[in-house]
Amino acid sequence: MAAASERIEPNARAERPPRDSSGMRTLLSSILIIAALCLLWEGLKNFSKSVDYALTVGETTIDLSLFNDTQLPHLGDILGAFSEPSQRNGPPLYAMLLENALYTLWAAVRGFFIGGAIGFILAILFAHSRLLQRGLLPYVVASQTVPILAIAPMVVIWMGRAGALEWSVPIIAAYLTFFPVTIYTLRGLTSIPPTALELMQSYAAGWWDILVKLRLPNALPQIFTALKISATASVVGAIIGELPSGIQTGLGIAILNFSRYYNQSPPRLFATILMAGLLGILFFAVIAGVERLVVRWRAEAAS
Amino acid sequence: MTSIISIKNLSKTFRGADGVEVHALENVSLDIQEGEFVSLIGPSGCGKSTLLRMIADLIQPTNGQLTVNGKTAQQARKDREYGFVFQNATLYEWRTVIKNVELPLEIMKHGKEERRARAREMLKLVELGDFEEKYPWQLSGGMQQRVSIARALAFQPRLLLMDEPFGALDEMTRERMNNELLRIWTAMPEMTVVFVTHSISEAVYLSSRVVVMSPRPGRIAEMIDIDLPRPRGSATRDLDQFFHLTSRVRHALRQGVGLGIDE
Ligand SMILES: Nc1ncnc2c1ncn2[C@@H]1O[C@H](COP(=O)(O)OP(=O)(O)OP(=O)(O)O)[C@@H](O)[C@H]1O
Ligand SMILES: [Mg+2]
């Protein structure tokens with residue numbers, strides 16, 4: 001009985017390689033890394049405290065006050081801050097952060113889709129027109145050398161004048177997200193094995209068929225790489241976009257507020273930063289999940 | 001008989017990025033009749049692929065005339081007169097086997113059911129009926145090449161252009177593929193095959209005519225009619241006539257400075 005099932009196993013595997021094992025390994029190793037970082041964090045704090053925040057090596061004294069409780073709170077205190085009220089008589093911090101995170105996420109998602117669509121359309125135009133590519137691609141690249149912090153207030157002013165202030169944050173996020181989509185998609189659309197293209201020519205296929213049946217599927221792995229970058233970038237863009245927006249909600253606003261009151265309670269700022277990080281990871285993971293569903297042939301071939 | 005490919009004084013000169021000209025082909029003339037199986041053989045770089053690609057209108061000649069089925073090569077390509085089989089199978093990795101075979105039919109706007117049925121029929125023909133839903137990476141090299149042959153045949157072209165389709169396969173698999181190809185060609189009496197190869201025995205075994213080419217510049221050195229009896233099989237390779245023909249091809253190659261030739 002056992003022998004029989006063992007003989008069937010390898011065949012079943014050859015047909016559909018196990019997908020979960022690599023996922024499990026990734027999860028396990030990231031848990032290990034997080035655990036190691038936590039140990040390092042607490043270890044450094046403990047060590048610094050034990051030497052009274054000043055380490056003397058020979059002649060020089062190194063200032064370790066960075067690791068005291070007001071600069072770098074204990075991890076326990078940061079986690080604890082989530083359940084404490086965010087302000088006097090207010091709801092617990094986690095509820096307040098969750099509400100703000102959802103607000104920021106909604107802006108990031110809108111920015112993600114706007115930027116993704118613009119990036120995608122630009123890539124398709126560039127893939128089909130050398131002229132457009134030569135003329136416009138340098139500006140696309142140059143656009144990313146202008147700091148987002150310089151662009152953000154302008155966008156807020158423009159959108160305010162246009163009576164669409166609620167779109168200013170998504171547009172700032174889109175500014176960060178369209179670029180990777182353009183670059184990666186363009187590369188995926190154009191880096192086609194020569195014979196794969198000649199096959200299409202031998203069928204006298206038109207540009208639309210070549211786009212839909214060859215270029216786009218060929219580009220999908222790269223498109224998803226771009227979308228994963230854009231997912232996290234859109235959260236960053238939304239948080240930065242909130243700062244000059246005059247809006248009262250969002251993780252960016254929370255970061256601004258808690259940094260103003262940092263001396264009273266450092267853990268709250270750290271908790272907010274943690275929340276922002278988790279939001280980016282969550283968005284990234286969603287896109288990675290969609291990728292597994294769409295890029296089937298690769299997901300199976302890789303494992 | 002009508003000639004399906006007619007080539008007169010065809011030349012092709014490539015100009016490299018450094019401005020150096022390569023005379024890949026010079027004054028090549030060749031007529032191929034409907035229903036023939038013609039092999040092009042010659043040392044590496046003698047312009048076999050170049051000739052085949054010009055017939056397929058994938059590159060354009062520098063000089064000379066070329067008609068395919070009485071039309072310009074471009075018109076013939078637009079009319080989907082030929083199927084092309086590349087050295088590497090060139091399957092689309094995101095498509096299952098059957099979807100790969102359906103690809104030309106999709107582009108040629110055949111209906112969904114007809115596509116399925118035709119693709120299925122072609123996969124049966126190359127004996128891959130059980131592999132419809134596999135992805136290309138799940139198949140061996142020989143199986144992948146069979147899928148690409150099924151794909152080339154799916155829209156029933158009258159002309160099959162093959163550029164070293166079995167070059168990457170081991171000897172045993174190659175002989176099996178040769179037999180399959182002959183079986184398919186015999187089943188479609190009007191189909192013409194132009195077949196590029198490096199292997200003398202493969203060329204002799206398959207063809208009704210072997211075109212021996214010589215390099216620098218690429219020219220036709222000799223044409224040898226292969227009048228071996230059909231149907232051909234493993235016994236064919238043991239015939240005296242087979243030895244005789246292979247050595248004739250070998251001599252023709254040597255005279256044209258035969259380098260890089262295997263059997
Ligand atoms: N796109 C190109 N640009 C420049 N030179 C080329 C190009 N394609 C082919 N050539 C040159 O033309 C000559 C003939 O090439 P071709 O590929 O037709 O040879 P072949 O007979 O198919 O060789 P092989 O047996 O190695 O495939 C070679 O010298 C090659 O370097
Ligand atoms: Mg070649």
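Visitor: How many Å separate an oxygen atom of ligand 1 from an N or O atom in the side chain of B:Thr50?

Guide: A polar contact is a pair of N or O atoms within 3.5 Å; within protein, one must be able to donate a hydrogen and the other to accept it, and residues adjacent in sequence count only if both atoms are side-chain atoms. Here the separation for B:Thr50 is 2.4 Å. For the side chain of B:Ser49, an N or O atom is 2.7 Å from a ligand 1 oxygen. Taken alone, ligand 1 exposes 640 Å², of which the protein buries 60% (Shrake-Rupley method, 1.4 Å probe; for residues, only the protein chains shown count as cover).

This is a predicted model, in which local features need pLDDT of at least 70 and side-chain atom pairs count only at pLDDT 80 or more, while totals for chains, interfaces and linings use all residues. Residues are numbered from 1 along each chain as its sequence is written, chains are lettered from A and ligands numbered from 1 in the order in which they are written, and side-chain values use heavy atoms, with hydrogens and water left out.

Visitor: Which element supplies the largest share of the shell around ligand 1?

Guide: Helices (H or I, at least four residues) and strands (E, at least two) are DSSP runs, numbered from the N terminus. The largest share, 3 residues, comes from α1(B).

Visitor: Where does B:Gln87 lie?

Guide: B:Gln87 is in the loop between β6 (82-85) and α3 (97-107) of chain B. The C-alpha atoms of B:Gln87 and B:Asp238 are separated by 28 Å.
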